[in-house]
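Dear colleague,

I am handing over the structure shown below, and the notes that follow set out what was found in it. Please read them with the model open beside you.

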Amino acid sequence: MSVLPFAPSAPLSLGVELELQLVRAHDHDLAHEAGDLIARLAKKKVPGAVKPEVTLSMVELNSSIQQGYAGLLAELEAQRAAVREAAGMLNLRVAGGGTHPFHKWPERRVFPAERFQSVVERYGFLAKQFTVFGQHIHIGCASGDDAIYLTHMLTRHVPQFIALSAASPFYQGEDTSFQSSRLTAVSAFPLSGHMPFVRDWREFVGYFETMRGVGIVESMKDFYWDIRPKPEYGTIEIRVCDTPLTIRRAALLAAYAQALACYYLAERPFEPAAAVYQMNAHNRFEACRYGYAGSLVEPFERRRKAIGEDILDSIAHVMPHAARLGSAQGLGDLAAEVRGGYSDAGWLRAQRGASGTLGDVVRKAAERWASG
Amino acid sequence: MQDLLWFLPDWPPAFDEPMAFGALLLAGLVGGEIVNRVLALPRITGYVLAGIACGPFGLGLVEGPLFNEARLFVDLALGLIMFELGARLDFAWLARNRWLSVAAVGESLGAFFAIYTALLYAGFAPLLAGCAAAVGTATSPAVVMLITQELRASGQITERMLLFTAVNCAVAFVALTLLLPLVHLEYKADWRSALLHPLYVLFGAALLGFAACQLMLWLAKWLGKREDRQFVLQVGMIVLVVGLARAADVTVGVALLAFGVFARNQDYDHALLPLRFGYAGQLLFVVLFVLTGASLDFGFLAQAAGAAAAFIVARFLGKAAAILAFGRLSGLRAGGAGLLSLSLLPMSGLAVVMVWDTAALFPAFGTELAAVVLSAVAILELVGPLATQFALRRAGEASAEERA
């Protein structure tokens, strides 16, 4: 019996976690009312789960295990309706986006639960600064070896997911010039970054045992990697996405990840390559800073390529798999948005341009989340 | 010698308004700091104690005449507070959450009828009991706003405390105004003026607030969303409306409350920036509490202690009953209703002003009213801020590091 058993799950099953901002109605700053909202939702029948996060200004929606895009979107819509109703009773607004544009991190309050208090004890101010909002995508794997293979393959697509989801141009009251500024808050944690270059699950378990043996980690939860295996769920978890402004885009990102996973597991087109990780830091930065316009280095062909173009190529490549999974139409729409240069970060900047204040940006983002 | 030193002022020097303002400010500052450092009580309590120390029951530095001169400061301070409070009265929230509306109105009516009944039992005349109940319906807007600011409190209890205070102030104004005709008739006024006066006071103030809001929205759109300019705009408009309300002899509090409510609910284009008046507001707050402290009359307390106690207990129970009945339905968490009820305990400057204004119209009636209401204020002035502070801290809505 391994110390880290991988509980297999239905291959290509799908799930998302969405961290959302809770905003006050009168000044659009972050609220401190996650406890009240979750307590209220606990009385209702809501599909999936609504959970607390490290500070009282955030809640996390968890979908249940889904098979495809349509089912996931329908469930997220039901969750949104429930959250919107409960938040309305408390005069709270709920918004997507990777960061709140102007909140001050020292004002955050930590959720009163032991596990969050221990995060504060361990990480100090990083815990409150971690009031950023991401989408995590889970993809089911039949075995630990598949999970390791898929993690290596999808790492090559990390810049794509960053560019597609980028929705955090503003941070602490300033335009950061980044499309996604959120990941810098994650990078501050000592165990962030990526999984080591291991061949298979056995080798991964060896690495984990070493780290646990010397007391650096206690469980898989302590790794804040961009993509990490989640053995207790039997999934891999993609953690680089900003929470998009709409649940439709959140579902599309998950559908895209599912189609990529389907392609890699079915065709096994490449052997895992260390080069992916050599290029990763550069490619990741380009995506955070410039979004689609960033230029990544394709690790297998060793050539430069615009990230937007790279996304379109990948989508075209996985289309046959998307068709089987029922997400071809959705991915087609996503590709059209990429071609049109649409990003949530761009939309947020446009809202500021129209009115001039970040308060209006938050108000419009909340209106968009409630309806879009 | 006298001729030689003609340039020296008379002794003692005349006490003019800037001196009064500055002296009150510093007295409050020092009092607040001492009380906060030594006793770890809210600064407000210190301001009030400083006022008591300066007033007729202390060193006697501040007496009747200054009080009337200082009324301008009181009106400005209350005006600013009522505007900010009005801007927290969000009709959209009340419409979305019906039980919240029921709780807010119930809380006001509960306090009114509880006080009214208690005073009737205590042997007061119905009209007097009614007017005292009307004044007692309102929670002190200054205390709840200032404690909120000092604790940097934010959360459901805080939001609802501010909302309920806005509602109960509005109900108190309306109730007191509607009772005025009866007082008029009791004092044998012409029935026509008895009817027209309250209408003028209420609708005049509301109309003024509405007109001022339209002007401010128009100017805000023209100025754009610049915080520095909007700060001057909003302060300028508030001071102007205070002045206009005084000139027109309508209730300053109603005019500014209406102004704030319209500003919140009529700004469809989101032209106004949400401003915090911060340090500028603090100046007026401090003076308001020092003056309120100086105006407390402990002479009444001796004769009306029983009635004041009945007033306070009935008021609290009336408020709490409605909040406990409807709190959970309106989405308040377990235990929240009790804390919210407690946070709404304070009575302060607004009650004093309401009593003064009634006394100015009907001196004899006013004295009777003052005996019971101001005795209650004298007690709640000291207990109220503590109750609010305790409630918000206990609710976990105060910023942890801050010591108010």
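B:Ala132 touches B:Ile115, B:Leu119, B:Phe311, B:Leu369, B:Val372 and B:Val373, leaving out residues up to four places away in sequence. The model is a predicted one. B:Ala132 and B:Phe311 are the residues with the most contacts inside the largest nonpolar core, which has 145 residues. H9(B) gives the most to this core, with 14 residues. Another core, of 103 residues, lies apart from it and includes A:Val23, A:Ala31, A:Leu90 and A:Leu296. As general background, nonpolar side chains tend to be buried together in soluble globular proteins.

B:Ala132 is also one of the buried residues of H7(B), among them B:Leu128, B:Cys131, B:Val135 and B:Thr137. This helix covers residues 126–137 of chain B, and its twelve residues reach 16 Å from the first C-alpha to the last, close to the 16 Å expected at 1.5 Å a residue. Because ten of its twelve residues are buried, H7(B) is largely enclosed by the rest of the structure. What do the buried residues of H7(B) pack against? Their partners in chain B are helix H6 (98–121), H9, helix H14 (298–326), helix H16 (349–361) and helix H17 (363–394).

Helix H4 (residues 71–86) of chain B is mostly covered as well, with 14 of its 16 residues buried. H4(B) reaches 22 Å from its first C-alpha to its last, close to the 22 Å expected at 1.5 Å a residue.

Turning to chain B as a whole, there are 17 helices and zero strands. Buried residues make up 53% of its 404 residues. Among the contacts in chain B with a separation of 6 or more, 81% are between residues 24 or more positions apart. The C-alpha atoms of chain B fill a box of roughly 80 × 55 × 55 Å along the principal axes.

- B:Arg152 has a positive phi of about 45° although it is not a glycine. B:Arg152 is found in the loop between helix H8 (141–151) and H9 of chain B. It counts as partly exposed because it has 15 C-beta neighbours inside 10 Å.
- B:Asp249, also not a glycine, has a positive phi of about 60°. B:Asp249 lies in the loop between helix H11 (227–248) and helix H12 (252–265) of chain B. Its 11 C-beta neighbours inside 10 Å are why B:Asp249 counts as exposed.
- B:Leu223 is found in helix H10 (residues 191–223) of chain B. With 14 C-beta neighbours inside 10 Å, B:Leu223 counts as partly exposed. Leaving aside neighbours within four places in sequence, B:Leu223 is in contact with B:Arg229, B:Gln230 and B:Leu233. B:Leu223 and B:Thr148 are 75 residues apart in sequence, and their C-alpha atoms are 30 Å apart in space.

In chain A, the notes concern strand E11 (residues 235–242). Is E11(A) enclosed or open? Eight of its eight residues are buried, so E11(A) is largely enclosed by the rest of the structure. Strand E5 (residues 134–140) of chain A pairs with E11(A) in the antiparallel sense over six bridges, and A:His138 has A:Glu237 as its bridge partner in E11(A). Strand E10 (residues 227–230) of chain A also pairs with E11(A) in the antiparallel sense, over four bridges. In that pairing, A:Lys230 has A:Thr235 as its bridge partner in E11(A). E10(A) and E11(A) form a hairpin with four residues between them, and A:Gly234 in the turn has a positive phi of about 70°.

Finally, the contact between the two chains takes 19 residues from chain B and 21 residues from chain A. On the side of chain B that touches chain A, helix H5 (91–96) and helix H9 (156–186) each supply at least two residues. The residues on that side divide into three nonpolar, nine polar and seven charged.

With kind regards

Terms used
Residues numbered from 1 in each chain as written. Chains lettered and ligands numbered in written order. Contact = placed C-beta atoms within 7 Å. Nonpolar A, V, L, I, M, F, W, Y, C, P; charged D, E, K, R; others polar. Buried ≥ 20, exposed ≤ 12 C-beta atoms within 10 Å, placed from the backbone. Expected span 1.5 Å × (residues − 1). Pairing = 2+ DSSP bridges. Core = buried A, V, L, I, M, F, W, Y, C linked by C-beta atoms within 7 Å.
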